[in-house]
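Subject: Structure for you to look at

Hello,

Here is the structure I promised to hand over, and my notes on it follow below. Please keep it open while you read, so that each residue can be found as it comes up.

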Amino acid sequence: MSLHKTPDFDITVKLSGLTLQNPVIPASGCFGYGQELREFYDIDMLGSFSFKGTTLHPRFGNELPRVAECAAGMLNSVGLQNPGIDAVVERELPRLRAVFHQPLIANIGGFSVEEYAACCEKITQCEQVGIIELNISCPNVHGGGLAFGAEPDCAARVTEACKRVVTKPLYVKLSPNVTDIAAVARAVEAAGADGLSLINTLLGMRVDLKTRGPVLANVMGGLSGPAVFPVALRMVWQVYEATKIPIIGMGGVSSARDVIEMMLAGASAVQVGTANLIDPYACKKIIEALPLEMEKLGITKLRDVVGGGH
């Protein structure tokens, strides 16, 4: 019996004209460019994956330490470490072509509107890329250091600039560190976004009781893991009601039941992040468990449940 699609349980999903063999997508930053996890299992079984956040120029990232543990999750302040867009196009994607044949999601970061657009123009030409995902949680160096996604107008401007140069569906990854995530979602939809990804990490920190100073060198970092799942679910629910474009939901997803719950809230597909760092087989196990959970819940076609909670 195939776990991807059977006569009884269809786990395929659709995103902006693309058909994915299942809704499970490793999240950016938790799967690199696929080379490490392919040693554990056949990553071609995934619906897609969002590769490491990529910027115009190579970045070493933030100073160490940049990871901290906490109850039901973790904090990271990696700082977009990556080899730069040219190295990804020339080296990483050709290496990946041998082991992954599904449409890729290209996660793109930047520190100015021009940088975002330049990266998008390069990556949209890559045949392997099915969707471009804009990470608008990056600090805007021309806007006082606030994240591009911190307010609707700024989010709309970067979306418009990138939409002009891409030929692939453009999804905007929203930050939860805002007053009204639905307002930002509506703004990027009006600016031409084809879809949305949410949520990115929540801002948090830890203090070392021995040194009495912050654990992370950058002081604050992004909180991810099971602790954020109820927040992510609430925001997916709100954005589904506020917009009409597809949503990729993420934030603390670690089981097949979480995937179905996120889809009921409005997600058409689901990204899995921190769970991959705890168990490298996490996505494989979730995909294999989906038909079993569907049978328990009386679901025949998984994509029929999208937004069913509403």
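A residue is called buried when its relative accessible area is under 20%, exposed when that area is over 50%, and partly exposed in between, with a 1.4 Å probe and only protein chains counted. Helices (H or I, at least four residues) and strands (E, at least two) are DSSP runs, numbered from the N terminus. The model is predicted, and therefore local features need pLDDT of at least 70 and side-chain atom pairs count only at pLDDT 80 or more, whereas totals for chains, interfaces and linings use all residues. Residues are numbered from 1 along each chain as its sequence is written, and side-chain values use heavy atoms, with hydrogens and water left out.

The sheet

Two strands pair if DSSP finds at least two bridges between them. On that basis, 7 strands form an open sheet with parallel pairing, in the order S3-S15-S14-S9-S8-S7-S6. Its edge strands are S3 (24-26) and S6 (104-108), each of which pairs on one side only.

Together with helix H6 (residues 256-265), S14 and S15 make a right-handed β-α-β unit; right-handed means that, with the strands pointing away from the viewer, the path from the first strand over the helix to the second runs clockwise.

Strand S8 (residues 170-173) is also covered on both faces, with Leu170 and Val172 buried on one side and Tyr171 and Lys173 buried on the other. S8 pairs in the parallel sense with S7 (residues 129-135) over 4 bridges, where Ile132 stands opposite Leu170. S8 is joined to S9 (residues 195-198) by 3 bridges, again running parallel, and the bridge partner of Lys173 in S9 is Ser197. From S8 the chain passes through helix H4 (residues 181-190) to S9, and this β-α-β crossover is right-handed.

The salt bridges

Side chains of opposite charge can pair when their charged atoms come close. A salt bridge here is a side-chain nitrogen of Lys or Arg within 4 Å of a carboxyl oxygen of Asp or Glu, and a search of the whole structure finds 9 of them. One of these joins Arg303 to Asp10, with the closest N and O atoms 3.7 Å apart. This pair links distant parts of the chain, 293 residues apart, with Arg303 in the segment after helix H8 (282-297) and Asp10 in the segment before strand S1 (13-15). Asp10 is buried, because its relative accessible area is 9%, while Arg303 counts as partly exposed at 26%.

Which residue forms a salt bridge with Glu92? The partner is Arg95, with the closest N and O atoms 3.4 Å apart, and both residues lie in helix H1 (residues 85-97), 3 residues apart, about one turn of the helix. Glu92 counts as buried at 9% relative accessibility, whereas Arg95, at 42%, counts as partly exposed.

Best wishes
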